[in-house]
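This report describes aromatic contacts and the overall fold. Please consult the sequence and the structure shown here.

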Amino acid sequence: MSLREWMLSLGNPYYKLYVSAKKWHQKSPYGFYAGREFLELTEEERAAGRSCPCLNEAEALYRQSIEGETRGQRAFNAATARYQLGLLMHWQGRSDEARAEYERAAAMFNNLPNAEAPGALSDCHFRLGDLWEDRGEIERAIAEFEKSRALDQMRGDANAAFLSEERLRRLRRR
């Protein structure tokens, strides 16, 4: 746990649940933190991820964190946990559930005055673009990557905008 995470967790048991979930997520060889892109995964790897105890534990803890943070009116934390849950489900090949979590997180981030929200919202759109590309729905993927790029450009994050632009170039060449 980083110093920032420890300080945020003081007096907030739901944030501690989120941090615990993220640790379980990171332990899995099938999770987002394994260093692979969604499009590189085989169906066998996704199936193995669905039965991975680390990811099952992470999912349960993310859900507890979301429930507690939503009740506690800590919308940024709840939205972040929803986004992480979406990543976990996406890696497991649970596309419909992942899409729903990304969209819920995006809606929550979109309604926040928090200065960090545009970056997090961009991440949601980027991952929705991944999901739609994975499903072969190129126009939808392009729309999501364009939203991500616009948010990154608005907040002056050239590196993140470049990643979206690369995806857009690749998709438009198809």
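Three aromatic pairs are present in the structure, a pair being two rings of Phe, Tyr or Trp (its six-membered ring) with centres within 6.5 Å; planes under 30 degrees apart count as stacked, over 60 as edge-to-face and the rest as tilted. One of them joins Phe-126 and Phe-145 in an edge-to-face arrangement, with 5.1 Å centre to centre and 70° between the planes. This pair links distant parts of the chain, since its members are 19 residues apart. Both residues are classed by relative accessible area (buried under 20%, exposed over 50%, partly exposed in between; 1.4 Å probe, protein chains only).

The model is predicted: local features require pLDDT of at least 70 and side-chain atom pairs pLDDT 80 or more, while totals for chains, interfaces and linings use all residues. Numbering starts from 1 along each chain as its sequence is written, and side-chain values use heavy atoms, leaving out hydrogens and water.

A further ring interaction involves Trp-132: the charged end of Arg-140 sits over its ring, 4.1 Å from the centre. The criterion is NZ of Lys or CZ of Arg within 6 Å of the ring centre and within 35 degrees of the ring normal.

The protein contains nine helices and zero strands, assigned as DSSP runs (H or I, at least four residues; E, at least two) and numbered from the N terminus. Of its 174 residues, 48% count as buried. Among contacts (heavy atoms within 4.5 Å) with a separation of 6 or more, 61% are between residues 24 or more positions apart.
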